Amino acid sequence: MISSSKSENVQPKPPQNSIIYKVPALENNDIDKITGQNFERYYLSSSENQRNGKGVCIVWFRNDLRVLDNEALFKGWASSEVVLPVYCVDPRLFGTTYHFGFPKTGAIRAQFLIECLADLRKNLRKHGINLLIRHGKPEEILPALAETFRAHTIYAQKETCSEELNVEARLNKGLQKVSLSSKVGQSRAQNGACIPRLQLVWGSTLYHKDDLPFDVSNIPDVYTQFRKSIESKCTIRACIKIPASLGPPPEIEDWGAIPSIDQFGLHTQEAYRGLVFVGGESASLSRVHEYFWKKDLLKIYKVTRNGMLGSDYSTKFSPWLASGSLSPRFVYEEVKRYEKERLANDSTYWVLFELIWRDYFRFLSIKYGNSIFHLGGPRQLDYKWSQESTLFESWKEGKTGYPLIDANMKELATTGFMSNRGRQIVCSFLVRDMGIDWRMGAEWFETCLLDYDPCSNYGNWTYGAGVGNDPREDRYFSIPKQAQVYDPEGEYVAYWLPELKRLPKDKRHFPGFSYLKPIVALKYGNTSKQGGQRPGSSRRDQKWRANK
């Protein structure tokens, strides 16, 4: 069991002399040890370790790149004698975004995915099986594998957005053409032939979709109503336990190599400053251990979560949650263990509060479908937006003349990450001060973000642009006020814009002729320290949710 003895209170102050912050900041031996200890805590007991299935099952890994608390993997193991894990490197993930043709997956997230796949294979091997890696479309690869291995079922995690749903539909259609000998567990086509069955499992949220107190189509349009309802009426399911051995593996000569970044048509982007995240389930479990137990930062999370510099002002779980390397239910159980063994306060609760926001956007993507990608958003509002390329490029490249915007955009391009606070500020600037089509910002985030998932990304952008499902979410972020409150001495902007470091701290955010000329005037507020919120707005700042 992982030690949870009381540690000293380590305040999340970034090391000023450090250039790169590795997340987690642990040695490989420590990561392996922590991972092994966590697996042991979730192994089935001998009485629970019953496998009564027959034949072969395929487990198709999608955005659930983990072994721990993976219900699709468990069901595949339990319902078979042999389980075949498969990951399909889908070329469509490395195409271009829908409207504006940006790379759909940037180099930083591609490298993170490669690390996730390598770690998944490593952890599956530790449990007696392997990961088959094939390049191509799942709807073409999986039926062929089902026919070759006579697999009666393909288990996979259920997704919610149209691109992923279309793949599921095409896969189902492809399986109709696979004819197998009659065995228990197989479906039948209309002509009576036995065909493999696609079994989709819900596994991406803290609260299970089937446990909600309302149909997803009737989910409240106000987050607070949603949260209070599920907190009072629902329980969170326990993590799925796993057997110590998932074997035996099928006999396969070539399991496929872990892809290299050049196979995606991309080039390695070497980090030179900022956060560097390590991909994979092992790193995710180690980050939870590091943040909760080793550094004892969970108890001050709510106080520090709006920071912008360093690795420890927030949990930094979001890249692993997005790739499915980390289960939200595991985070929940660790929070509850921390509350039992150390303390419970507003900060311990607030991590769960943010995970519920992530759930909310996932469920909203079912309710509103493709409208979350449309210009008018779920409310179909007819706002007039600009697509002026010079303005957008200045925002994208961090050359707007506003250090707080430019620093955040340079951090995004360099690391694939941006703070919760930074995301709100750059979104507000793009859509309010520049008047640029919010979808351009959303698609650029899709390219760059390590923690990109369509539900949270487009859910947050529709909120920020004022076209989201909640009509109250329509706010302006004053750069002078945000700078004064969240980077009062200009440490963050000086870190990302070194030319500002020589300036007095009170001049770093508005350096005048010492920096680029602002490309647009601010719509509200001014460049004094007392710049305010939008006139008439009395509500407090929104949160860019689920990216903590």
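Tutor: The buried residues of helix H4 are covered by parts that include strand S2, strand S3 (82-89), strand S4 (132-135), strand S5 (151-157) and helix H5 (162-175). Cover here rests on contact, which means heavy atoms within 4.5 Å. Helices (H or I, at least four residues) and strands (E, at least two) are DSSP runs, numbered from the N terminus. Buried means under 20% relative accessible area, exposed means over 50%, and partly exposed lies in between, with a 1.4 Å probe and protein chains only.

Before going further, note that this is a predicted model, in which local features need pLDDT of at least 70 and side-chain atom pairs count only at pLDDT 80 or more, while totals for chains, interfaces and linings use all residues. Residues are numbered from 1 along each chain as its sequence is written, and side-chain values use heavy atoms, with hydrogens and water left out.

Now the helix itself. H4 runs over residues 138-149 and has twelve residues. From its first C-alpha to its last it reaches 16 Å, close to the 16 Å expected at 1.5 Å a residue. The expected span is 1.5 Å times one less than the number of residues in the helix. Which residues of H4 are buried? They are Pro-138, Glu-139, Ile-141, Leu-142, Pro-143, Leu-145 and Ala-146. When reading such a list, keep in mind that an α-helix has 3.6 residues a turn, so residues three or four places apart point the same way. After H4 comes Arg-150, whose phi is positive, near 55°.

Positive phi values turn up elsewhere too. Most residues other than glycine have a negative phi, and most peptide bonds are trans. Asp-296 is not a glycine, yet its phi is positive, about 55°. Asp-296 sits in the loop between helix H7 (281-294) and helix H8 (301-304), and it is buried at a relative accessible area of 1%. Lys-316 is not a glycine either, and its phi is positive at about 65°. Its place is the loop between H8 and helix H9 (318-323), where Lys-316 is buried at 0% relative accessible area.

Two peptide bonds are cis. One joins Val-23 and Pro-24, with omega about 0°; Pro-24 belongs to the loop between strand S1 (20-23) and H1. Another runs from Gly-247 to Pro-248, with omega near 5°, and Pro-248 is in the loop between helix H6 (223-233) and strand S9 (274-277).

Next, the charged side chains. A salt bridge is a side-chain nitrogen of Lys or Arg within 4 Å of a carboxyl oxygen of Asp or Glu. How many salt bridges does this rule give? The count is 32. In one of them, Glu-334 pairs with Arg-41, and their closest N and O atoms are 2.9 Å apart. Glu-334 is in helix H10 (residues 328-341) and Arg-41 in helix H1 (residues 28-41), so the pair links distant parts of the chain, 293 residues apart. Glu-334 is buried at 2% relative accessibility, whereas Arg-41 is partly exposed at 24%. Arg-41 and Glu-334 also belong to a network of salt bridges with Arg-337 and Glu-341.

Because Asp-69 lies in the loop between S2 (56-61) and helix H2 (71-78) and Arg-329 lies in H10, the pair ties together parts 260 residues apart in sequence. Asp-69 is buried at 2%, and Arg-329 is buried at 7%. Glu-397 and Lys-399 form a salt bridge at 3.8 Å, N to O. Here Glu-397 is partly exposed at 38%, and Lys-399 is partly exposed at 46%.

Finally, the whole chain. There are 18 helices and nine strands, and 61% of the 548 residues count as buried. Among contacts between residues at least 6 apart in sequence, 81% join residues at least 24 apart.
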